[in-house]
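I opened my notebook to look up how one chain is put together.

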Amino acid sequence: MMQLKGHVASVQQRQCVQSAAPLLRSCRVQGVSGRSVAKVAKRTAACIERKLSASINAAATAEKQTAAPAQTANGGGGGGTRVMIIGGDGYCGWATALHLSARGYEVCIVDNLCRRQFDLTLGLDTLTPITSIHDRVRTWGEISGRHIDLQIGDICDWEFLSQAVTSFRPDAMVHFGEQRSAPYSMIDRQRAVFTQHNNVIGNINVMFAIKELVPDCHLVKLGTMGEYGTPNIDIEEGFITINHNGRTDTLPYPKQGNSFYHLSKIHDSHNIHFATKAWKLAATDLNQGVVYGVRTEETVAHPALINRYDYDGVFGTALNRFVVQAAVGHPLTVYGKGGQTRGFLDIRDTVRCIQIAIDNPANKGEFRVFNQFTEQFSVNQLADIVTREGKKLGLTVEVTNVPNPRVEAEEHYYNAKCSKLQDLGLEPHLLQDSMIDSLLEFVVQYKDRCKMELIKPAVDWRKAGVKVNTMGAAVAAK
Ligand SMILES: NC(=O)c1ccc[n+]([C@@H]2O[C@H](COP(=O)([O-])OP(=O)(O)OC[C@H]3O[C@@H](n4cnc5c(N)ncnc54)[C@H](O)[C@@H]3O)[C@@H](O)[C@H]2O)c1
């Protein structure tokens with residue numbers, strides 16, 4: 001036991017010193033004063049102290065529990081940076097909370113659990129058996145020795161949000177906490193209004209919370225590549241330089257949302273851009289592509305930490321849906337002609353991108369935009385990849401072209417830039433055959449939980465009406 005403690009302590013001492021080295025180096029390059037360097041050294045010492053005390057708990061539990069993931073993997077130490085993760089019970093948020101906690105960031109999850117409520121209302125379910133957020137956080141504490149703070153509440157409720165922010169005092173707020181399904185926002189009037197209210201007002205509250213309560217806090221906001229639509233020119237990272245009638249300006253890249261959900265994200269971006277100018281907020285808008293995969297180093301450390309996996313027609317996203325369809329012998333449902341092309345990324349890269357954004361904060365007054373994806377594929381290309389890999393595993397995989405429930409271009413030009421996160425150190429996990437194989441194998445384990453009736457497209461953009469749809473939206477006989 002003592003030997004294990006000693007080993008963990010020396011490894012973590014090394015990590016803290018290593019993580020401080022680039023800071024100290026950059027101080028020297030930029031000619032920063034001795035006082036600032038001393039501050040860094042003090043932070044490093046505090047970091048060592050915190051990590052040593054955390055490591056003693058971790059070492060004690062590591063002996064009797066499942067091994068917690070290594071703190072060094074995939075870069076950097078958090079050094080106690082305080083990160084509030086809004087939407088931390090969701091697909092991206094949960095994986096990110098664990099990733100950061102494992103690396104020495106102090107994490108607070110804020111979530112009103114509305115995503116779980118959507119499933120209950122519509123009769124949907126995640127493929128994977130997720131545990132309650134309380135059990136998740138408790139289990140993580142037991143196996144890692146790291147505490148995650150938990151605040152259950154709605155960020156549209158100012159009293160709740162302001163109290164959560166005042167008590168935790170974050171250095172960074174990562175905002176995942178929105179209604180994130182385009183089909184959900186197109187079910188009916190009520191869901192369209194809910195989506196825009198929840199997303200736009202929640203985000204405005206977050207901006208005010210930073211301005212009033214923690215003005216030095218860095219806002220890391222999840223946007224979507226879908227904000228750009230599918231223009232017939234290259235998509236830049238946030239801004240485009242335009243020559244017009246002999247004059248030149250660099251302007252926000254034009255946005256063209258294809259659903260009330262996408263439009264809510266566009267409104268968020270505009271609101272944040274304005275707040276950076278008006279109040280000197282520091283903000284990073286991450287235009288994320290479609291996320292695939294489910295396992296990260298931390299979520300596989302214990303069954304109670306498993307992440308959600310949506311495959312239904314409302315919340316499931318393209319590649320995750322195809323993999324489940326292949327696993328259960330359902331034809332892959334290609335919408336329309338299948339030429340729709342989008343940016344994609346592995347969930348292991350989502351968590352890393354967030355860490356990179358936090359470690360390299362935007363300046364005060366800066367509205368910084370990164371396109372957060374690693375590769376682009378058409379729906380037909382994804383179907384081909386899953387078909388090929390499924391066959392290798394002995395699965396019978398067929399493809400069917402179903403009428404497109406969405407209003408979108410099915411054949412179009414698409415070339416989006418995504419270099420800024422890689423310039424800051426992202427090393428992408430590319431969609432290789434091995435990735436699909438392991439995802440397929442993982443999904444096959446849970447295939448008995450799949451409800452076949454939830455697979456088909458559930459929401460038709462043209463049929464959104466004022467009548468409230470409940471189960472009908474998800475399981476309507478077509
Ligand atoms: N999953 C993807 O492929 C993808 C792609 C691009 C962008 N994004 C963006 O990333 C973010 C996270 O996506 P996800 O897939 O993890 O979604 P998710 O639905 O799994 O998680 C969102 C979480 O936010 C919570 N939440 C929603 N409204 C809230 C509110 N008012 N107050 C407190 N909590 C609230 C929900 O309960 C849920 O746990 C979203 O903003 C989404 O737009 C996701």
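My entries follow, from the whole chain down to single residues.

**Ground rules.** I am reading a predicted model, in which local features need pLDDT of at least 70, side-chain atom pairs count only at pLDDT 80 or more, and totals for chains, interfaces and linings use all residues. Residues are numbered from 1 along each chain as its sequence is written.

**Whole chain.** I looked up the elements and found 15 helices and 14 strands. Helices (H or I, at least four residues) and strands (E, at least two) are DSSP runs, numbered from the N terminus. The chain has 478 residues, and 47% of them count as buried. Buried means that 20 or more other C-beta atoms, placed from the backbone, lie within 10 Å of the residue's own; exposed means 12 or fewer, and partly exposed is in between. I then looked at contacts, meaning residue pairs whose C-beta atoms, placed from the backbone, lie within 7 Å. Among contacts between residues at least 6 apart in sequence, 83% join residues at least 24 apart.

**Seven-stranded sheet.** In what order do the seven strands of the open sheet come? I read E3-E2-E1-E4-E5-E8-E12, with parallel pairing. Two strands pair if DSSP finds at least two bridges between them. The edges are strand E3 (148-152) and strand E12 (367-372), each pairing on one side only. On average, neighbouring strands here are turned by 20° against each other, direction ignored. Axes are lines fitted to C-alpha atoms, for helices over the stretch in contact, and angles run from 0 to 180 degrees between N-to-C directions.

I checked strand E1 (residues 82-86) next: it pairs with E2 in the parallel sense over five bridges. Ile86 stands opposite Val110 in E2. Helix H8 packs on this sheet and touches E1, strand E4 (172-175) and E5. The direction of H8 makes about 180° with that of E4.

**Strand E8.** Is strand E8 (residues 282-288) mostly covered or mostly open? It is mostly covered, since I find seven of its seven residues buried. I remind myself that side chains in a regular strand alternate between the two faces of the sheet. On one side of E8, Ala282, Thr284, Leu286 and Gln288 are buried.

E5 and E8 pair in the parallel sense over seven bridges, and Thr224 stands opposite Gln288. Six bridges join E8 to E12, again running parallel. Gln288 has Gln372 as its bridge partner in E12.

**Val369.** I picked this residue from strand E12. Why does Val369 count as buried? It is buried because 25 other C-beta atoms lie within 10 Å. Leaving aside neighbours within four places in sequence, Val369 is in contact with Glu237, Gly238, Phe239, Asp285 and Asn287. Val369 and Val220 are 149 residues apart in sequence, and their C-alpha atoms are 10.0 Å apart in space.

**Three-stranded sheet.** I found an open sheet in the order E9-E11-E13, with mixed pairing. E9 and strand E13 (375-378) are at the edges with a single partner strand each, so one side of each has no neighbour in the sheet. Neighbouring strands are turned by 45° against each other on average, direction ignored. Strand E11 (residues 341-346) and E13 run antiparallel, joined by four bridges. Phe344 stands opposite Glu375 in E13. Helix H11 (residues 347-359) packs on this sheet and touches E9 and E11. The direction of H11 makes about 80° with that of E11.

**Helix pair.** The axes of helix H10 (residues 318-328) and helix H12 (residues 379-392) come within 10 Å and cross at roughly 35°. From H10, residues including Phe322 and Val323 meet residues of H12, among them Leu382 and Val386. By class, this contact has nine nonpolar, one polar and no charged residues. Ala, Val, Leu, Ile, Met, Phe, Trp, Tyr, Cys and Pro count as nonpolar, Asp, Glu, Lys and Arg as charged, and the others, Gly among them, as polar.

Conventions. Two residues are in contact if their C-beta atoms, placed from the backbone, lie within 7 Å.
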